[in-house]
Amino acid sequence: MLECRQYAKLPREAAMIRQEVFVEEQGFELEFDEIDPIAQHIVLFENGAPIGTCRVYWSGSKNSHVLGRVAVRKDYRGRSFGQKLLQEAEQLVCSMQGKTLCLAAQVRAKAFYEKQGYAAAGEQFLDEGCPHVWMYKTL
């Protein structure tokens, strides 16, 4: 059984998934930041086990809600759980009368986001040495 839960503060389940995926697996060092306290966090559970997470926050400089820290644990990839997280985040933004959602995608994940309706805009940039690109979607 799949269940998405939303949190106003970073829950330990989301922190654990992000630590596992971004720090241990991908080598990022600056995973937890000043955005965490202002973001809404989503955790996806399968049969009670936390398997994926993301966060959403408003950015005045982007004039958009921003989706970030999308992560699915390695053993659960390839089963559309990332797509489920994006759908949940998009519904959350729509419930707050948001009209757009943007994200800084790892370039290697760009095709995944394009399949979900996001379009790249601007030049690639490096975040901790990893190529990223900003992507946008009108909701």
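Good morning, everyone. One thing first: the model is predicted.

Let's start with the strands, and with β8. Strand β8 covers residues 130–138. Strand β5, residues 100–106, runs antiparallel to β8, and seven bridges join the two. Take two of the residue pairs. Leu103 has Met135 in β8 as its bridge partner. Gln106 stands opposite His132 of β8.

Next comes β6. This strand is residues 119–120, and two bridges pair β6 with β8 in the antiparallel sense. Ala120 has Met135 as its partner in β8.

Then β7, residues 125–127. Three bridges tie β7 to β8, again antiparallel. Here Phe125 stands opposite His132 in β8. His132 also stands opposite Gln106.

What lies between the strands in the hairpin of β7 and β8? Two residues. In that hairpin, Glu128 takes a positive phi near 50°.

Now back to β5, from its other partner. Strand β4 is residues 64–72, and β4 runs parallel to β5. Three bridges join them. In one of these pairings, Val66 has Cys102 of β5 as its bridge partner. How do we get from β4 to β5? Helix α2, residues 81–95, belongs to the picture: β4, α2 and β5 form a right-handed β-α-β unit.

Is β5 enclosed or open to the outside? Five of its seven residues are buried, so β5 is largely enclosed by the rest of the structure.

On to the cysteines. How many disulfides are there? The count is zero. Let me go through two of the cysteines.

Cys54 first. The cut-off for a disulfide is sulfur atoms within 2.5 Å. Cys54 is also buried, at 2% relative accessibility.

Cys94 is in no disulfide either. For Cys94, the nearest cysteine sulfur is that of Cys54, 14 Å away. Cys94 is partly exposed, with a relative accessible area of 39%.

What about Cys4 itself? Cys4 sits in strand β1, residues 2–7. Which residues does Cys4 touch, leaving aside those up to four places away in sequence? They are Ile42, Val43, Leu44, Lys84 and Glu88. There is also a distance to Thr53, 49 residues along the chain from Cys4. The two C-alpha atoms are separated by 9.1 Å.

Next, the largest pocket. Its volume is about 950 Å³. The lining has 41 residues. Which of them lie nearest the centre? Phe22, Arg69, Val70, Gln106 and Tyr113. Gln106 is a residue we have seen already, opposite His132.

Which element gives the largest share? That is β4, with seven residues.

Asn47 is in the loop between β2 (40–46) and β3. Asn47 is not a glycine, yet its phi is positive, about 50°. Asn47 is exposed, with a relative accessible area of 62%.

Asn63 is in the loop between β3 and β4. Its phi is also positive, about 50°, and Asn63 is not a glycine. Is Asn63 buried or exposed? Exposed, at 57% relative accessibility.

Arg108 lies in the loop between β5 and α3. At 63% relative accessibility, Arg108 counts as exposed. One distance to go with that: the C-alpha atoms of Arg108 and Pro131 are separated by 8.1 Å. Along the chain, those two residues are 23 apart.

To recap. Strand β8 pairs with β5, with β6 and with β7. The disulfide count is zero. And β4 gives the largest share of the lining of the largest pocket.

Thank you.

Methods
Residues are numbered from 1 along each chain as its sequence is written. This is a predicted model: local features need pLDDT of at least 70, side-chain atom pairs count only at pLDDT 80 or more; totals for chains, interfaces and linings use all residues. Side-chain values use heavy atoms; hydrogens and water are left out. Helices (H or I, at least four residues) and strands (E, at least two) are DSSP runs, numbered from the N terminus. Contact means heavy atoms within 4.5 Å. Two strands pair if DSSP finds at least two bridges between them. Buried means under 20% relative accessible area, exposed over 50%, partly exposed in between (1.4 Å probe, protein chains only). A crossover is right-handed if, with the strands pointing away from the viewer, the path from the first strand over the helix to the second runs clockwise. On a 1 Å grid over the protein atoms alone, a cavity is a set of points where a 1.4 Å probe fits but cannot get out, and a pocket is an open set with protein on both sides within 12 Å along at least five of seven lines; lining residues have an atom within 4 Å of a point. Grid points are joined across faces, edges and corners, and a volume is the space filled by probe spheres set on the points.
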